[in-house]
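Good morning. I will go through a few parts of one structure, moving from a helix to a strand and then to some contacts. Please have the sequence and the model open.

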Amino acid sequence: MEPLRQALLAKIKTLNETVWERRATQPAIEDWLSNFARSNSASQSEELHALFLLSNFMYFGSRQIRELLKAVYRDLYRYPIVQSIRRANSDSLDSTVIEPLYKAERNVTRFLGVGNPSESGCHLLYYFRQENGLPKDLFIHTHQLFTRVGGGTLGLRDPAITRYVFIDDFCGSGKQGTEYSRDLVEDIKRLNPNVAVAYYVLFATAQGMNRIRSETLFDDVRAVYELDTSFKCFSTDSRYFRTKEPEIDSGFCEQMCKHYGEKLVGATHSLGFDNSQLLIGFHHNTPDNTLPIIWFDEPGKTPWNPIFRRYPKLEW
Amino acid sequence: MIDYSVLYKNELPARDDWPADVRWDIFVSAYTAAERVRTVYEKATASEKHWLVFPEYGFSANTFPKGAFASPLRNEAEYVKAFWEASIGDVSGRSICIDITGFIRPYLIFLLRWLAEKKVARFDALYSEPDIYSKREQTRFSDELVVEVRQIAGFEGIHNTDTSNDYLIIGAGYDHQLIAQVAENKEFSRKVQIFGLPSLRADMYQENVLRAYQAEEAVGRNTTDESGSFFAPANDPFVTASVLREVVGRINARKPITNLYLSPLATKPQVLGFAVYFLTEQRNCPTSLIFPMCEAYNPETTTGVSRILKYTVELPGL
Amino acid sequence: MNETPTNPFNITKAVDFNDQEINDYWVDIPSGEGFAAMAKPTSPMPMLILGGKGSGKTHLMRYFSYPLQRIRYGKDVLGGIKKDKYIGVYLRCGGLNSARFKNKGQSEEIWADVFAYYMELWLSQLMLTTVLSAVNGATELEEHESAIVLQLLNLIELSHREPPNTLAALNDVLRHLQQELDGAINNSAITGSLPVHIAITRGELIFGIPRVLASSLPSLRDCLFLYLIDEFENLSEIQQKYVNTLLRERQSPSSFKIGARMYGVRTLSTYSAEEDNKEGSEFEILRLDTILRENEHYPEFAKRLIVKRLAEFSRIPSDADSLKAMAESLREAFEEPQKGKFSAPETAYVVEKYEDRERPYFKSLRQYLELGFNGGATPGVRGPTDIKKILEILSCRDYPLLEKANLFLFYKEWRSRHDLLVAAETIATECRSYILGEETGRYHRSLLHFKADLLAQLYRETDQRQRYVGLDTFIEISSGLPRNLLIVLKHIFAWAAFNGERPFRGSPISIRSQQAGVMEASEWFFRDARMLGRDGQIVMDSINRLGTLFRGIRFSEKPSECSCSTFSADVSRASDAGRKVLDLAEKWSLLIDVGGQRDRNTERIDAKYQLSRMLAPRWDLAIYRRGVLALSAEELNSVFDPQHISEFDGLSEKRVARMRAPFFGNKSIGEIDPGEDLRQKLFADQDHD
């Protein structure tokens, strides 16, 4: 067991120094591991299994998130527009032709964040704007979508806008996206069916994406990273248990996570919201779809030392 | 100056048939026995299709398709020239598609120069992504027996005797041995690494950094710090080329680079991007592409096909 | 996010330093006149400076180059050069990218000529650039420039070009010629042809420029024009032959210092009537690794190096006095296990851990005795009661080290087939005397020699990591190579930071951080020694076999040699292939030649090699060199010769079996030696905590 433990620690140390923004130093790890039981037997050691999970954790730091926000703008938003401009102009490569047409399209686009202003979706909008050098007036709040025209009927505040782009950082169940569609997109579409409404997200589960694609009126639903079921920790095709370490027992691991998860957040979501079973976190937050043992931190509730804590209060 | 990011790139269906207007006169692919390479070969519609068999894959005569071009020539220039002479000839007015997926990088890179020499203005490149890699994190893409590090034929550049501000830009892939070898070969250069982000899969960026870290001592300081590392999408040659332009511009602005070395060790689309960048902007400059040449490569590392990407590459007139 | 200090040992290579930093970090070796004397920059005799990775070779060569002279002398660089009596022109062969001078449809002969011409253009430019920088603005240049240029133009076939009239313009011409050549070489891959007009005869400018300058410019009259050609290993054999020829046909006032890795010199032959350059006549050799390793001032040098680093990074004043004070207190920055009589403090944990349990080495002894008894290999033992008695007699509860010593002597007696009960009693008596202060006799001697091994065994048996801790250990491990030391410290620092410690800021670095760091550095060293080509793997595998053999010996019951990480052998009797691999291993610094010894009986001189100390942690070996394992030619081949490696397992097993209980290589009568199975079982039973 000792060699594996040492190897896992060495891997975590490397991750710590390179991509984890030094958030998981040994003292922090020790604190987190103290949540779990030790054992002399490897396959029964909660601590060892916890360490194993941690070594597989995917973390995207500030720099990486900013780069992904660049990718959202450049690859998901801009490129398709440029492509259609080119096709409509005999495949021109002339930037003096393309750029003005592109700018014109961009000027009648508005970007919005998903979630209330204090949530991460909106927080990221700031970096999105910064990284891509975009003017402030391209960004609006949801309350700026509509206006009351004479008699109190709903109208689009700016009828010139042809595109609304909603940006989110994480789509797990797709719940928020579907809510937005119901609350906002349906009205937009009703007022002007020709307006394009897009939903672009940095990370999404395949499940979440499917739900939004099938249940909402968003015209364009895309993620920079779509997480399939192999990212679900204890699924049959889980990528974390493919190379079989002899000391690691996936069944034991799952039980352990369930056991503690239940104590922390209750049985329904003991392995992450909507049973997502993810091992992912970001500089600005850890989504609740990640295993609760990683992030749970609620003063006043079950005492627990998280390793990548999550900030907002739970509202399940 | 061309804006690489406006060049056409789109996705072809992995399972369904391709649209009827997707067809070429000449189709070339490198044989590797990987499922996706064969699938794409079958799906492609072309007047003539060619398989290339590279000696480094170690295929014996009865294991590769009949009619394939298989030469024992291990020099990228000689191989490509021999192939062209034997199988292609005059290409004026003919459309070309290259599936770059199975190519060994030096051959692919030289081929691009050769196409430009033959006055090919534009061609399509295909790249297919697999379903899963066979062994996460431990995948060995090459035998890792590097026999020498050298410049790629046709990409040797002029040289500056002043080597006080030489730079090596490494497209960092999974193979940390390759990174270390090329870094050590250009020990006296400052190093910059380009990591694939967005990566092909969500976990691959982190794995990439983890593996590249093993070459850290060879690469030197500031590898993952902001001044020493940059990002380019793993599957986009055009943005890769743009990023190179940006990075080189930035470095030059601080202090002019005396000699620039480029080494694309990551995905094939990135390799394409490096080569396109060089041919478009860095010819007749003190810039060259260098590569750690291996004796052997593992021809099969993946299963399934999840995505097929098509890039329309614009080549400069030479 | 946590605030972590930057690692002061992050930069470990000379190449990552710019010129100013080299000057700032320069820590001269405190012996004689230091590096300057060793490298003899004013000696006209060419020198080959051989150094392994991390020997400081590049550092040294750059130190003598003009840019560093300029930093040292500032505005009055000409005055400085006069004082130095040399001007150094530094060239990295890597910058030539010499691998392109081949194939592309041209013959080897053509490439040889093209390369020679290219070098001429390259070296000339470097020389001119350097001198121009030195004499820039000097009146003597103004006075003599046109004359100099005219003389130099005689050496070049300019053909249609406009003749330059300044040195700077001449330099431009050379640059154009060189870059034209670059283009032609690059395009030859496409076109298959290489149109080249060679405008300069070999050596004319390389020697001509210094000659003309020295005779024309008073400041440079007595100056040695030094070509510092580094990274020689990047050149092919033919290309090296050309450079060798330059050395041989050297003309005053030029000279050369060639920097190469130890494996980097492919040939000593020249184009001068195909004669070889010989050490002592055409050139002398400076072997940096050996010098650094044997330099008794190295530990002091090492401490000064570290301290200077720390001072730079912590922005502490770096005057001589504070540096000296820092160096003296450096040892305290590393936690070390408490030492004490009979290693009681170091082994106290054993007493505690096994308070009410059988100590693992006694458990093994008991099992061996039982096994041996059943196999009829325990003279003097009549039954289980005797076994129990032996265990009691040999125990010495307060001092696990002495218990290990007792067992060591006991196994020795057992191997010699003495009566075991008698042996046990004798040993117990010796042990008691030793505790009371007895300092002669075999007990004392055994501990003197084998203490390190016994402690190592103890740590292993009780599931502890080996203790490579303390500054002196790290200095020793680095084997005289400064870079190795920096890398060890870099990894240790990183672990300390990861573990939440505050290294070099008051609190000592913990033992576990040191251990983890050393292991990582050792792993890195092993991986880093990778070489280009097939040979690399073969050499690594043979080192692996050697390490495994040494480890088997160290952790056997009765090791034949103490602190064994060195072997001797009559290498002349090994196969050619084996010798070649051995030679490569030495050139790649995996094995260190520690000098042969004369065999007392046969008068034969055996070569002696130690496994690099950087690799010791990989196989839990001792660092301090003591015992030497004599290998037969057969055994040597089984380690190094690819044709014979299949014999290795058998031969090494045979060798080590002689050191293992209960049969010590002798099969018990009529039975297959079950020792090995028991060993497997025994290890499986070990505690894992």
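What should the 16 residues of helix α9 of chain A span, and how far apart are its end C-alpha atoms? Keep in mind that this is a predicted model. Helix α9 of chain A covers residues 250-265, and at 1.5 Å a residue it should span 22 Å. The end C-alpha atoms are 21 Å apart, which agrees with that figure.

Now the surroundings of this helix. The buried residues of α9(A) are A:C253, A:M256, A:C257, A:Y260, A:G261, A:L264 and A:V265. Looking down the axis of α9(A), we find these buried residues within an arc of 125 degrees, so they line one face of the helix. As background, an α-helix has 3.6 residues a turn, so residues three or four places apart point the same way.

What do the buried residues of α9(A) pack against? Their partners are α3 (46-55) and α10 (292-295) of chain A. On the face turned away from the buried side, α9(A) carries the exposed residues A:G251 and A:H259. After α9(A) comes A:G266, with a positive phi near 95 degrees.

Next, a strand in chain B. Strand β6 of chain B runs over residues 122-129, and six of its eight residues are buried, so call it mostly covered. Strand β5 of chain B, residues 96-99, pairs with β6(B) in the parallel sense, over three bridges.

Then the contact between chains. Chain B puts 27 residues into its contact with chain C, and chain C puts in 32 residues. Which element gives the most to the side of chain B that touches chain C? That is β8(B), with five residues. Both β8 (146-151) and α4 (176-185) of chain B supply at least two residues each to that side. By class, the residues on the side of chain B that touches chain C are seven nonpolar, twelve polar and eight charged.

Last, chain C by itself. The domain assignment gives domain 1 (43-294), domain 2 (341-461) and domain 3 (529-658) of chain C. Between domain 1 and domain 3 of chain C, the C-alpha centres lie 41 Å apart. Their contact takes five residues from domain 1 of chain C and four residues from domain 3 of chain C. On the domain 1 side, the classes are two nonpolar, one polar and two charged residues.

Conventions. Residues are numbered from 1 along each chain as its sequence is written. Chains are lettered from A and ligands numbered from 1 in the order in which they are written. This is a predicted model: local features need pLDDT of at least 70, side-chain atom pairs count only at pLDDT 80 or more; totals for chains, interfaces and linings use all residues. Domain bounds come from an automatic or database domain assignment. Two residues are in contact if their C-beta atoms, placed from the backbone, lie within 7 Å. Ala, Val, Leu, Ile, Met, Phe, Trp, Tyr, Cys and Pro count as nonpolar, Asp, Glu, Lys and Arg as charged, and the others, Gly among them, as polar. Helices (H or I, at least four residues) and strands (E, at least two) are DSSP runs, numbered from the N terminus. The expected span of a helix is 1.5 Å times one less than its number of residues. A residue is buried if 20 or more other C-beta atoms lie within 10 Å of its own, exposed if 12 or fewer, and partly exposed in between; C-beta atoms are placed from the backbone. The arc is that of the directions from the helix axis to the C-beta atoms. Two strands pair if DSSP finds at least two bridges between them.
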